[in-house]
Amino acid sequence: MIPVPSEAQIISLGEGGTPLIKSVRLKDLVHVKEVYIKFEGANPTGSFKDRGMTVAVSMAKYLGARVVVCASTGNTAASMSAYAARAGMKSIVILPKGKVAKGKLVQAVLHGAILAFIDGSFDDALRAVTQVAERYPVYVLNSLNPWRIEGQKTLAFEVADEVGVPDWIVVPVGNGGNISAIWKGFKELKEAGLTSKLPKLAGVQASGAAPLARAFRKGLNVPEFVNNPETIATAIRIGRPVNWPRALKAIRESGGVLMDVTDEEILKAQEALARFEGLGVEPASATSLAGLIKLKEEELVDRDESVVLVATGHALKDPDVIKYHSADIHYLSSEGVLALVREVVGT
Ligand code: F0G
């Protein structure tokens, strides 16, 4: 269902096929029939971006590209650099200075990308990419690239294959590429006669970077963009989501909702996934659980409905969040260790 020409050489790192993990403890906290977490952190570079990158980099290679470029909040950069390395292409990543999580920077550096930091946000970085692409023979790998969307739609195929079409699928939203791709996937399955229903989409943004959630709430057809987006979830720190028309259309078509959650709610959800389910996700990914909690509070999701949360990226991507979480850390002598353990085991 991905129309790549058969002559194309496929550049792959074994992406996709990520675990769909059935919630054991959170389910009772949020009170819905079933919650599954699609753990995209299990992809080769630790985020869902690899699904699209295998397709788009294979196409770049097929089209004879030598240099690939992207603007990124970090994960696209990490993924592109890895796949471009495998394909023998040069990569240039344009990043917002001081706003990219450390794990993602390590990856881009390790894979040999050229890193260009600019003063400004992701939106400014994307503007720079557009200017570059107008002048030089580079292949752009941002999510406006249709091949990225083709690859990312496979998440829908995997979910439907494993547990059928859920009532709701909750997706973190930055540029709006992934939620559009997932919708495309579910629609194609239905059109092919492989499934009979469609899920409702819930898109979740961070409150400091929520132009689409605001547009949805106000019933606007065109969003009011945010000039200085700010959130702890740096992956989705985006004020002018380029895929907004597709994302808004998908959510409205599905009968779903777009909402926003605060940084505090995001951190709480990140901790809940880690401590109730054993799943380490980065802050942007935790918006899906924070969103579900809100959906339940607002009684938009019923008790007898099933929900899939898309956990877009791995916790290791962003080690700096350690400062926001309660940590039970001690610095002790060996006698001190014995005393501590005695206290914990309660003898
Ligand atoms: N979650 C994570 C972990 C992300 O890295 C991103 C986007 C999203 C969610 C939102 O997906 O943009 O398709 O709506 N990261 C991009 C990047 C912008 O450059 O890595 P979207």
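Ala, Val, Leu, Ile, Met, Phe, Trp, Tyr, Cys and Pro count as nonpolar, Asp, Glu, Lys and Arg as charged, and the others, Gly among them, as polar. On that basis, the lining of the largest pocket holds nine nonpolar, no polar and five charged residues. The structure is a predicted model, and the ligand in it sits in the largest cavity. This briefing takes the ligand, the cavity and the pocket in turn.

**Ligand surroundings**

- The ligand has 20 residues around it, and those that come nearest are S72, N175, G176, N178 and T312.
- By class, this shell comprises seven nonpolar, eleven polar and two charged residues.
- Two helices, α3 (75–87) and α8 (177–191), each contribute at least two residues to the shell around the ligand.

**Polar backbone contacts and burial of the ligand**

- A polar backbone atom of T73 lies 2.8 Å from an oxygen atom of the ligand.
- For T76, a backbone N or O atom is likewise placed 2.8 Å from a ligand oxygen atom.
- At G177, the distance from a backbone N or O atom to an oxygen atom of the ligand is 3.2 Å.
- The ligand taken alone exposes 480 Å², of which the protein buries 99%.

**The largest cavity**

- The count of cavities of 30 Å³ or more comes to one.
- The space in the largest cavity amounts to about 300 Å³.
- Its lining consists of 26 residues, with F48, K49, G174, N175 and A235 nearest the centre of the cavity.
- Two or more lining residues come from each of the elements α3, α6 (146–152), α8 and α12.
- The lining of the largest cavity divides into eight nonpolar, 15 polar and three charged residues.
- N175 is named both among the residues that come nearest to the ligand and among those nearest the centre of the largest cavity.
- Helices α3 and α8 supply residues to the ligand shell and also to the lining of the largest cavity.

**The largest pocket**

- About 260 Å³ of space is found in the largest pocket.
- This pocket is lined by 14 residues, and E265, K268, A269, A290 and I293 are the closest to its centre.
- At least two lining residues are supplied by each of α1 (26–30), α11 (263–276) and α12 (283–297).
- Helix α11 gives the most to the lining of the largest pocket, namely six residues.
- Helix α12 contributes to the lining of the largest pocket and to that of the largest cavity.

Technical notes. Residues numbered from 1 in each chain as written. Predicted model: local features only at pLDDT ≥ 70, side-chain atom pairs only at ≥ 80, totals over all residues. Heavy atoms only, no water. Near = heavy atom within 4 Å. Polar contact = N/O pair within 3.5 Å; in protein donor to acceptor, adjacent residues only side chain to side chain. Areas by Shrake-Rupley, 256 points an atom, 1.4 Å probe, with all protein chains shown as cover. 1 Å grid on protein atoms, 1.4 Å probe; cavity = no way out; pocket = protein on both sides within 12 Å on 5 of 7 lines; lining within 4 Å. Sits in = over half its atoms within 2 Å of the grid points. Helix = DSSP H or I, 4+ residues; strand = E, 2+ residues; numbered from the N terminus. Points joined across faces, edges and corners; volume = space filled by probe spheres on them.
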